[in-house]
Amino acid sequence: MPTAAAPIISSVQKLVLYETRARYFLVGSNHAETKYRVLKIDRTEPKDLVIIDDRHVYTQQEVRELLGRLDLGNRTKMGQKGSSGLFRAVSAFGVVGFVRFLEGYYIVLITKRRKMADIGGHAIYKIEDTNMIYIPNDSVRVTHPDEARYLRIFQNVDLSSNFYFSYSYDLSHSLQYNLTVLRMPLEMLKSETTQARQESFDIFEDEGLITQGGSGVFGICSEPYMKYVWNGELLEIIKNTVHRDWLLYIIHGFCGQSKLLIYGRPVYVTLIARRSSKFAGTRFLKRGANCEGDVANEVETEQILCDASVMSFTAGSYSSYVQVRGSVPLYWSQDISTMMPKPPITLDQADPYAHVAALHFDQMLQRFGSPIIILNLVKEREKRKHERILSEELVAAVTYLNQFLPPEHTIVYIPWDMAKYTKSKLCNVLDRLNVIAESVVKKTGFFVNRPDSYCSILRPDEKWNELGGCVIPTGRRQTGVLRTNCVDCLDRTNTAQFMVGKCALAYQLYSLGLIDKPNLQFDTDAVRLFEELYEDHGDTLSLQYGGSQLVHRVKTYRKIAPWTQHSKDIMQTLSRYYSNAFSDADRQDSINLFLGVFHPTEGKPHLWELPTDFYLHHKNTMGLLPTRRSDFMPKTIGIDPSPFTVRKPDETGKSVLGNKSNREEAVLQRKTAASAPPPPSEEAVSSSSEDDSGTDREDEGSVSQRSTPVKMTDTGDSAKVIENVVQPMKEVYGINLSDGLSEDDLSIYLRFVQLGQSQHKQDKSGQQYCSKCSEGVIKLTPISAFSQDNIYEVQPPRVDRKSTEIFQAHIQASKGIMQPLGKEDTSMYREYIRNRYL
């Protein structure tokens with residue numbers, strides 16, 4: 001009989017940071033405060049992080065003795081009473097990680113937590129408050145003028161807002177993954193878990209759990225899925241140094257739990273949303289996908305149902321369903337510099353072979369299996385192309401990729417113009433979504449850790465027999481996933497996900513034997529609580545990505561929203577617009593710094609000096625922008641290095657936007673650059689401007705914002721104006737090209753010129769010379785000796801005689817002289833005529 005395994009409970013749940021002048025001592029204990037671990041952090045290193053973990057498990061008495069010796073040994077005078085050498089700095093509940101900017105390292109600690117949910121006896125906590133402590137001592141601190149600014153940017157990521165963790169449950173994986181790993185046969189786990197049991201402790205040791213086979217319960221610890229971990233970069237420096245009990249991985253998104261009573265039977269409904277840490281950012285600054293297939297606003301939403309009468313993974317009944325939202329996996333963006341409510345959508349790069357979409361769906365197939373179902377809610381009929389650009393490109397990408405997949409595993413594409421149906425008075429949006437939801441859940445199935453109830457055999461339901469997924473003796477598994485998207489993946493997407501989740505909830509309740517049919521009607525307690533959960537979930541994700549709460553809710557699409565809701569919708573729209581226009585650039589900087597996308601480095605441009613973060617999120621283009629453009633240009637030409645910009649004489653070396661400083665101008669340009677790739681061509685700009693704007697772009701201001709053209713009013717003074725505008729080459733570029741070349745430059749240049757000419761010959765010693773030198777036409781030194789100076793060596797290609805004849809024939813044909821056809825050519829031509837026309 002296979003033996004189940006239990007997850008390892010992290011021993012470090014309560015922490016106290018003690019301080020001496022030379023070191024920090026971080027003491028961590030389990031919840032019962034019976035077993036302890038100690039970390040020693042050096043404070044004498046100004047920039048390096050030195051951490052020592054002895055990996056020893058202390059008792060409470062041993063820790064008291066250790067702290068007493070440290071206190072005594074660090075007093076100013078040995079044996080002096082009344083003074084203390086060890087100070088208690090702060091109490092905490094976990095380590096978020098370590099970070100360094102331009103000075104020394106900081107440690108980030110969780111100082112307040114709040115329990116949000118309980119899954120199988122495993123608590124899920126929300127971070128309520130954190131403390132950031134500078135590690136090096138003041139005596140060794142090397143100050144930097146920009147350190148405080150980086151610290152402010154980092155702290156703009158509010159860790160008390162929707163960050164979650166658990167000491168014993170892996171939040172980065174789904175319940176299906178966690179429980180499937182726990183049901184692995186004991187023989188496969190023995191080699192992996194024996195060492196884990198010896199090193200760890202508090203593995204349900206006081207519960208006395210014995211399995212049917214008579215063996216003890218082994219503990220396992222799975223690796224987190226780093227895509228949904230937000231402090232992975234902060235823990236990277238200590239990951240291989242300290243015991244794993246110190247590593248506390250946090251996720252960002254949403255977690256909520258509601259309790260249902262079904263005929264007196266308690267049922268917990270938990271909703272967990274995991275926001276991806278790859279290509280993360282705010283609404284208009286992160287669109288589409290990066291070169292690695294990670295898309296913007298990618299969120300994995302999981303609804304977990306459990307019978308609360310038995311709170312144990314081994315004996316309880318659990319079910320879950322997972323679905324995903326994310327931006328359209330293409331290279332696209334929107335330019336917010338136009339200050340329009342709906343900026344035009346631009347396809348930034350041609351991707352004829354759907355490379356980025358292939359990478360994205362490859363990730364999904366690896367994590368969820370097939371089928372991958374796309375529910376595309378983007379508009380399809382528009383007077384001017386806007387959203388339809390994405391639909392057309394996505395259809396082409398999916399069609400192209402499906403030809404490489406087996407027919408039974410192809411990507412299922414479901415387009416549905418939700419906005420069009422909403423405006424129609426004859427169509428019910430939610431009824432149509434319910435039909436789509438039924439077909440989706442039947443294809444993917446869902447997870448449940450119990451075999452089908454006996455009631456489903458006594459009173460079988462037609463829909464139950466059509467359910468897909470993977471049926472196993474111990475229950476069911478979900479195979480495949482639904483991927484929902486609109487343009488923003490906010491309002492329409494949340495309503496569609498709610499309808500799919502409501503359909504899955506009915507199947508989950510039916511599988512646990514709690515209802516007699518897999519159907520749930522609106523305006524029941526279960527659906528009402530579930531709708532509230534999904535609206536909280538949607539509001540939270542919308543605030544994180546769009547800057548405001550949901551504008552259109554489930555009630556809006558049901559058309560039962562009160563009139564007061566319309567005024568709220570207008571306020572949410574304005575709030576979202578204000579956030580996108582003014583605060584998103586700062587939020588994007590904070591996310592880039594927190595996730596380690598940008599690392600501050602001495603001597604390189606600062607985060608706020610970068611014109612765009614495109615190169616940070618697209619790794620294959622990192623080498624294209626090693627530093628600022630201005631570093632390559634003369635210091636006298638100002639902000640805009642374009643040679644086509646007309647400048648006044650007194651504007652050389654000054655900002656072209658007025659009296660603002662260069663730093664202020666760089667910030668202004670960054671906020672209007674929208675984190676897009678390098679500017680598109682003129683043709684692309686003109687085509688995109690016609691998509692969504694009703695006015696001509698030239699009327700809005702076709703003059704470049706970065707140049708100040710000279711106003712030529714008097715035609716008589718045109719010669720003077722030109723004389724003032726055109727500056728000497730020496731003054732602008734630092735060199736005068738009219739000066740003669742140096743002797744070394746000239747000799748190198750002549751080497752390359754001579755190597756390409758046909759009169760080059762080679763003597764017996766290997767030296768090249770010009771055949772005209774002996775005639776006195778040109779006098780040059782030997783060009784190169786390849787054995788000594790092989791940097792200029794060029795091996796001419798060898799051409800056979802037939803190729804030469806063909807080339808000469810083409811030359812003659814270009815002059816109108818045609819070569820007579822041979823026997824083979826004549827017979828080939830006759831064969832062609834016979835097959836083609838006869």
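Reply: Gladly. Let's begin with handedness: a crossing is left-handed if the near helix is turned anticlockwise from the far one by less than a right angle, and right-handed if clockwise. Keep in mind that this is a predicted model.

Me: Which hand does the crossing of α12 and α13 have?

Reply: The crossing of α12 and α13 is right-handed.

Me: What else describes such a pair?

Reply: Two packed helices are described by the angle between their axes and the distance between the axes. Here the axes of α12 and α13 (residues 525-546) come within 10 Å and cross at roughly 145°. On the α12 side, the residues that meet α13 are N494, Q497, F498, G501, K502 and L505. Their partners in α13 are V527, F530, E531, Y534, E535, H537 and G538.

Me: How many residues does α12 have, and what span does it reach?

Reply: Helix α12 runs over residues 491-511, which makes 21 residues. From first C-alpha to last it reaches 30 Å, close to the 30 Å expected at 1.5 Å a residue. Just after α12, G513 takes a positive phi of about 75°.

Me: How many residues of α12 are buried?

Reply: Buried means under 20% relative accessible area. In α12, 21 of the 21 residues are buried, so the helix is largely enclosed by the rest of the structure.

Me: Which residues are buried in α2?

Reply: In α2 (residues 147-155), E147, Y150, I153 and F154 are buried. Looking down the axis of α2, you find these buried residues within an arc of 125°, so they line one face of the helix.

Me: Let's turn to single residues. Is Q334 buried or exposed?

Reply: Q334 counts as buried, because its relative accessibility is 3%. This residue sits in strand β17 (residues 332-334).

Me: What does the side chain of Q334 make a polar contact with?

Reply: The partner is the side chain of R287, at 2.7 Å. A polar atom of the Q334 side chain also lies 2.7 Å from the backbone oxygen of P343.

Me: And where does L248 lie?

Reply: L248 is in the loop between α5 (232-235) and β13 (251-262). With a relative accessible area of 6%, L248 is buried. Leaving aside neighbours within four places in sequence, L248 is in contact with F93, G94, V95, I110, F165, S166, Y167, N231 and L235.

Me: How far apart are L248 and Q13 in sequence and in space?

Reply: L248 and Q13 are 235 residues apart in sequence, and their C-alpha atoms are 9.6 Å apart in space.

Definitions and conventions. Residues are numbered from 1 along each chain as its sequence is written. This is a predicted model: local features need pLDDT of at least 70, side-chain atom pairs count only at pLDDT 80 or more; totals for chains, interfaces and linings use all residues. Side-chain values use heavy atoms; hydrogens and water are left out. Helices (H or I, at least four residues) and strands (E, at least two) are DSSP runs, numbered from the N terminus. The expected span of a helix is 1.5 Å times one less than its number of residues. Buried means under 20% relative accessible area, exposed over 50%, partly exposed in between (1.4 Å probe, protein chains only). The arc is that of the directions from the helix axis to the C-beta atoms. A polar contact is a pair of N or O atoms within 3.5 Å; within protein, one must be able to donate a hydrogen and the other to accept it, and residues adjacent in sequence count only if both atoms are side-chain atoms. Contact means heavy atoms within 4.5 Å. Axes are lines fitted to C-alpha atoms, for helices over the stretch in contact, and angles run from 0 to 180 degrees between N-to-C directions.
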